[in-house]
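The overall fold, the packing of selected helices and the backbone geometry follow.

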Amino acid sequence: MSYQPIDYLPYDFANRRHIGPSPEEMAEMLEVLGVPSLDALIDQTVPRDIRQAEKLDFGKPMSERELLHHMRVTGAKNKVLTSLIGQGYHGTVTPPAIQRNILENPAWYTAYTPYQPEISQGRLEALLNFQTMVCDLTGLEIANASLLDEATACAEAMTMAQRVAKSKAGAFFVDENCHPQNIAVVRTRAEPLGIEVIVGSPDALEADTVFGALFQYPGTHGHVRDFTDQIAALHEAGAIGIVSADPMALCLLKEPGAMGADIAVGSTQRFGVPMGFGGPHAAYMACREAYKRAMPGRIVGISIDSHGNRAYRLALQTREQHIRREKATSNVCTAQALLAVMAGFYAVFHGPKGLRAIAQRIHRKTVRLAKGLEAAGFKVEPAVYFDTITVDVGLLQRGVLQAAVREGVNLRKVGKSRVGITMDEAVRPEIIEAVWRAFGLVRKDDDLTPEYRLPEALLRQSEYLQHDVFHMNRAETEMMRYMRRLADRDLALDRAMIPLGSCTMKLNSAAEMMPVSWREFSLIHPYAPEDQWKGYKTLIDDLNAKLCTITGYDAISMQPNSGAQGEYAGLLTIRDWQVARGQGQRDVCLIPVNAHGTNPASAHMVGWEVVAVKCDANGSIDLEDFRAKAERHSDRLAACMITYPSTHGVFEETVQEVCKITHDHGGQVYIDGANMNAMVGLSRPGDLGGDVSHLNLHKTFCIPHGGGGPGMGPIGVKEHLIPHLPGHPLNAKGAGPVSAAPFGSPSLLPISWAYILMMGGGGLTQATRVAILNANYIARRLEGAFDVLYRGSQGRVAHECILDVRPFEKSAGVTVEDIAKRLIDCGFHAPTMSWPVAGTLMVEPTESETKAELDRFCDAMLAIREEIRAIEAGEMDREVNPLKLAPHTMEDLVKDWDRPYSREQGCFPPGAFRVDKYWPPVNRVDNVYGDRNLVCVCPPMSDYAEAAE
Ligand SMILES: Cc1ncc(COP(=O)(O)O)c(C=O)c1O
């Protein structure tokens with residue numbers, strides 16, 4: 001019998017798995033668009049003179065199996081030792097229930113930032129648990145829903161202190177016992193803002209010379225001190241006291257709030273999140289109620305919905321960059337939501353008793369270790385400690401460190417003669433014995449009742465985690481169901497398309513995600529010796545090289561761990577270059593009005609003045625205004641920040657001219673790479689005239705959004721800027737570091753690398769082309785019903801399009817919000833709302849969505865348009881209609897129904913699935929109520945019971 005060969009490659013990842021539409025569907029879509037081929041569509045969309053000369057070619061793409069094998073081989077080059085280096089990074093035990101149900105569960109990791117609260121109640125509750133945990137452990141009143149890492153949290157706390165302090169002093173004090181990376185990042189942040197950083201012993205603090213002071217608790221070498229007196233002195237002088245505290249230590253020790261601290265920051269890494277060679281982890285920040293409006297980052301709060309039921313949503317958003325731009329409290333956009341959820345669940349999982357027990361065990365292990373060393377005559381410091389000791393070994397330092405490595409343990413090199421050791425939850429008795437052997441001691445870990453070496457006066461007096469959520473029955477059945485219940489309340493990418501313009505919510509494939517939780521990638525300490533992370537080096541070097549090829553830049557810095565952090569790092573790089581060539585006076589940054597809020601906020605962070613540039617009627621940069629402003633500020637022009645293709649969803653044909661004008665006036669060009677999904681393989685920012693760009697690896701390169709983070713925002717630069725890139729956090733030569741870890745959040749990098757390796761150059765280019773096809777298909781299908789605000793010269797949109805829904809406000813009283821909420825009834829996350837143009841929707845389908853899903857969305861939008869038409873025609877009431885009353889809950893369906901439209905129309909509009917219908921758990925959330933009645937910690941359990949009744 002002979003076989004006919006079938007033209008189908010089952011393991012073609014790019015075309016069969018990652019790219020949504022099949023070849024047949026693409027042909028149908030092209031027909032709808034009236035173009036003969038995808039090539040022809042791209043020719044009409046992407047201007048010829050910005051197209052890259054050479055095809056992207058990375059050799060043969062890998063199949064999923066080949067990729068996973070390749071990752072195993074690469075991972076095996078990393079040596080996983082037990083790292084007792086400490087310095088803010090610790091071994092931890094991720095409860096398997098959390099690993100499987102949260103970290104490895106697309107319902108959690110593919111969710112978007114909870115800007116649409118009705119479809120985000122699950123993750124908002126989880127983040128509120130995190131905030132409650134942080135408030136309780138620190139003894140402060142209000143906490144945010146995570147920051148990027150401990151070092152940046154320290155820097156944020158410094159600038160926040162400057163905003164709220166009564167003292168007008170220009171200096172900031174930093175405890176010399178802070179982790180070195182915290183000091184380094186604070187210094188980087190302070191320099192452009194003209195803040196003098198004084199590093200010294202807390203005993204030497206002169207409170208009236210500073211606007212604030214930062215202390216580390218416990219100190220980097222283990223000291224546990226009470227800062228009550230220092231903070232009182234700071235208050236006397238009108239200055240702010242900040243404590244960077246280890247939350248595990250706070251389970252046993254007096255909390256910063258009890259010392260009078262105004263702000264507490266720290267990392268929650270050791271609450272179940274592996275070290276990951278530096279990240280991602282959630283940093284936290286808590287402060288006094290009085291300072292809540294000065295707080296950076298997102299805060300989850302409680303409000304009510306339109307029926308008066310309790311509902312969560314993001315609070316006090318008027319502080320944030322997307323509203324206040326350069327006047328915002330910070331540039332934070334993507335943060336560390338998924339990791340905060342994990343840390344919050346770790347506390348739910350263990351409860352206060354469990355956490356206290358874990359902290360006690362860590363302390364007892366440290367005491368046992370110290371006693372063994374002391375018995376052999378070693379000098380152990382300090383006298384009182386929680387989990388960290390240092391041992392003076394004099395000339396033996398090198399030998400001890402090397403012997404420890406031979407025993408499979410990394411210890412910390414402290415100065416020239418000491419060795420630091422930090423214990424953690426995961427340390428077993430055999431590890432303690434191995435450490436003793438490294439010091440030449442052979443003994444058994446048999447002291448099971450060591451006395452405490454915590455300072456009596458600093459033992460914690462207050463209770464914590466009293467809320468019922470931390471006291472539920474922790475049987476895994478119950479935990480699993482709680483995690484499932486919360487996930488089910490949310491709409492993430494595992495249920496439906498999330499067509500958020502500028503956010504690129506594309507597939508995060510399972511194969512890309514798998515290596516993230518492998519021990520070879522997750523258990524490496526960020527400061528482990530270089531020969532232990534050869535696998536990471538291979539990965540990072542190759543990813544850097546490929547990203548350079550994709551972008552046209554000469555080098556990449558992997559340090560920034562979000563897009564906004566990349567902007568900040570890129571602008572610092574430009575600033576450093578300007579200073580080095582004697583042009584330090586340049587402090588003006590031209591930014592078009594349609595820029596993302598992080599752009600002006602980042603420019604402000606490097607001390608620059610933001611000058612806004614107008615856009616013309618087509619949504620492009622107004623070239624004349626740009627030229628005039630560049631000329632006016634010629635002597636002071638430091639840089640411009642543009643986004644390409646523009647946030648208006650078009651490939652502007654004047655981009656090269658904009659770059660030339662900037663360069664002619666001595667400025668540098670920052671191209672925001674958030675829209676790289678429209679460029680990969682077709683056009684390179686480095687060829688257009690860009691000097692720096694950040695890449696949101698959590699958009700174009702498949703890192704999932706995690707419900708608001710993690711992310712990675714590496715920057716690409718041209719050759720002349722390479723010496724000015726961020727330096728190593730522990731050894732900065734030249735420019736200072738912007739993150740705590742040298743490569744930001746490297747345990748995410750296998751995801752982007754896997755994506756590139758499985759797509760290959762051709763697959764990546766095809767993804768870009770199909771992203772453009774999908775956006776144009778939506779624009780065409782909605783033609784006549786909704787106006788597309790901006791198009792390129794040949795009538796095409798780029799990878800996203802802005803739908804103008806503003807006229808409906810006048811014609812039917814329908815707002816953009818009404819449409820967004822109605823889409824929830826149809827089973828969709830709304831597109832980006834009111835940005836970059838107020839009152840509009842920006843739709844970005846990405847290449848990963850199939851034609852069927854695009855059609856479902858278009859059908860839903862067209863049905864919504866018909867509902868608007870019914871109001872316009874007077875057939876439906878302007879106030880009581882399915883749009884105004886959206887979203888509809890199951891509660892609405894079963895209650896008495898006295899509406900002028902049917903239950904069927906209300907609850908099952910086109911798009912909604914009948915069997916797999918997504919039901920939002922709450923009706924429309926009242927934002928104003930929530931800000932007027934601010935509550936940012938878990939409400940009493942009786943409220944939950946009421947909600948469930
Ligand atoms: C155009 C643009 N620039 C910058 C950013 C900021 O990126 P991140 O959220 O990673 O900080 C975004 C985020 O959505 C964006 O859309």
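## Ligand surroundings

In this predicted model, the shell around the ligand is made up of four nonpolar residues, 11 polar residues and one charged residue. Of the 16 residues around the ligand, those that come nearest are Cys333, Thr334, Gly563, Ala564 and Ala674.

## Overall fold

The protein contains 31 helices and 27 strands. Its radius of gyration is 28 Å, close to the 30 Å that the globule rule gives for 949 residues, so the protein is as compact as a globular protein of that length. The C-alpha trace spans about 85 × 80 × 65 Å along the principal axes.

## Helices packed against H24

Two packed helices are described by the angle between their axes and the distance between the axes. Helix H24 covers residues 749-781, and helix H2, residues 23-33, packs against it at an angle of about 50 degrees, the axes being 10 Å apart. The crossing of H2 with H24 is left-handed. On the H2 side the contact involves Met26, Met29, Val32 and Leu33, and on the H24 side Leu773, Asn776, Tyr777, Arg780 and Arg781. By class, these residues comprise six nonpolar, one polar and two charged.

Helix H4, residues 64-76, also packs with H24; here the angle is about 135 degrees and the axes are 10 Å apart. H4 passes H24 in a right-handed crossing. Glu64, Leu67, His70 and Met71 of H4 make this contact with Pro750, Ala754, Leu757 and Met758 of H24. The contact of H4 with H24 has six nonpolar residues, one polar and one charged.

## The pairing of H5 and H15

Helix H5 (residues 96-103) packs with helix H15 (residues 476-488) at an angle of about 20 degrees, and their axes are 10 Å apart. Because angles under 35 degrees count as roughly parallel, H5 is roughly parallel to H15. The two helices cross in a right-handed sense.

From H5, the residues Ala97, Asn101 and Ile102 meet Glu476, Met479, Met480 and Met483 of H15. Five of the residues in this contact are nonpolar, one is polar and one is charged.

## Backbone geometry

Most residues other than glycine have a negative phi, and most peptide bonds are trans. Against that background, the bond between tyrosine 217 and proline 218 is cis, with omega about -10 degrees. Proline 218 lies in the loop between strand E5 (210-217) and helix H10 (228-236). A cis peptide bond also runs from glutamate 381 to proline 382, where omega is near -10 degrees. Proline 382 is located in the loop between strand E11 (379-381) and strand E12 (388-392).

Leucine 465 has a phi near 50 degrees, a positive value in a residue other than glycine. This leucine 465 belongs to the loop between helix H14 (429-438) and H15.

Key: Residues are numbered from 1 along each chain as its sequence is written. This is a predicted model: local features need pLDDT of at least 70, side-chain atom pairs count only at pLDDT 80 or more; totals for chains, interfaces and linings use all residues. A residue is near a molecule or strand if its C-beta atom, placed from the backbone, lies within 6 Å of it. Ala, Val, Leu, Ile, Met, Phe, Trp, Tyr, Cys and Pro count as nonpolar, Asp, Glu, Lys and Arg as charged, and the others, Gly among them, as polar. Axes are lines fitted to C-alpha atoms, for helices over the stretch in contact, and angles run from 0 to 180 degrees between N-to-C directions. Helices (H or I, at least four residues) and strands (E, at least two) are DSSP runs, numbered from the N terminus. A crossing is left-handed if the near helix is turned anticlockwise from the far one by less than a right angle, and right-handed if clockwise. Two residues are in contact if their C-beta atoms, placed from the backbone, lie within 7 Å. The radius of gyration is taken over C-alpha atoms; the globule rule is 2.2 Å times the number of residues to the power 0.38. Angles under 35 degrees count as roughly parallel, over 145 as roughly antiparallel, 65 to 115 as roughly perpendicular and the rest as oblique.
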